Amino acid sequence: TQVKIPVGNLEIIRDIGSIRDLQGAFLAVLDSSDRQDDCEVFNVCSGAGKHLGRLAEGLARHLGVRARFEVDPSRVRPGEPASIIGTHEKLTRLTGWSPTCRTEQALIESFVG
């Protein structure tokens, strides 16, 4: 049986990372001896965009769910940028941390693994 899932705009690109990468970034900052002050700001991101529609479909397929994603207009944000991708350059330079989960498939596996 197919499951109907209401969604917003799945035709956008977002830089979504894994919780393991987030934990690793936090630890790298805490362990870093190169911190210049206690108020340093870092982007924790993968540096790679993921297509939300492909993520949703891949996750459903991986979980064995026959999903039908239906756009609910109340979940669509007007004027939302088509693509948002971050950079972890500063964090990597100062701590040596880098993300391990950069692809849509790796992110799906991190969700269910």
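Student: In this predicted model, is Cys-45 buried or exposed?
Tutor: The model is predicted, so the value is computed from it. Buried means under 20% relative accessible area. Cys-45 has 10% relative accessibility, so Cys-45 counts as buried.

Student: How many disulfides does the structure hold?
Tutor: A disulfide is a covalent bond between the sulfur atoms of two cysteines. The sulfur pair must lie within 2.5 Å. For Cys-45, the closest cysteine sulfur is 12 Å away, in Cys-101, so that pair is too far for a bond. Cys-101 is in no disulfide either, and the count for the structure is 0.

Student: Is Cys-101 buried or exposed?
Tutor: The cut-off for buried is under 20% relative accessible area. Cys-101 has a relative accessible area of 3%, so Cys-101 is buried.

Student: What is the handedness of the crossing of α2 and α4?
Tutor: The two axes cross at roughly 45 degrees. The crossing of α2 and α4 is right-handed.

Student: Which residues of α4 make the contact with α2?
Tutor: On the α2 side, the contact uses Arg-54, Leu-55, Gly-58, Leu-59, His-62 and Leu-63. By class, the contact has 7 nonpolar, 2 polar and 2 charged residues. The α4 side supplies Glu-104, Leu-107, Ile-108, Phe-111 and Val-112.

Student: Which residues does Glu-80 touch, leaving out those up to four places away in sequence?
Tutor: Glu-80 sits in the loop between β4 (66–71) and β5 (83–84). With a relative accessible area of 25%, Glu-80 is partly exposed. The residues touched are Asn-9, Ile-12 and Arg-14.

Student: How far apart in space are Ile-13 and Ala-82, C-alpha to C-alpha?
Tutor: Ile-13 is in strand β2 (residues 13–14). Ile-13 touches Ala-82, and also Gly-49, Lys-50, His-51, Ser-83, Ile-84 and Ile-85. In sequence, Ile-13 and Ala-82 are 69 residues apart. In space, C-alpha to C-alpha, the distance is 6.2 Å.

Student: Why does Ile-13 not count as buried?
Tutor: Buried needs under 20% relative accessible area, and exposed needs over 50%. Ile-13 has 22% relative accessibility, so Ile-13 counts as partly exposed.

How values were computed
Residues are numbered from 1 along each chain as its sequence is written. This is a predicted model: local features need pLDDT of at least 70, side-chain atom pairs count only at pLDDT 80 or more; totals for chains, interfaces and linings use all residues. Side-chain values use heavy atoms; hydrogens and water are left out. Buried means under 20% relative accessible area, exposed over 50%, partly exposed in between (1.4 Å probe, protein chains only). Axes are lines fitted to C-alpha atoms, for helices over the stretch in contact, and angles run from 0 to 180 degrees between N-to-C directions. Helices (H or I, at least four residues) and strands (E, at least two) are DSSP runs, numbered from the N terminus. A crossing is left-handed if the near helix is turned anticlockwise from the far one by less than a right angle, and right-handed if clockwise. Contact means heavy atoms within 4.5 Å. Ala, Val, Leu, Ile, Met, Phe, Trp, Tyr, Cys and Pro count as nonpolar, Asp, Glu, Lys and Arg as charged, and the others, Gly among them, as polar.
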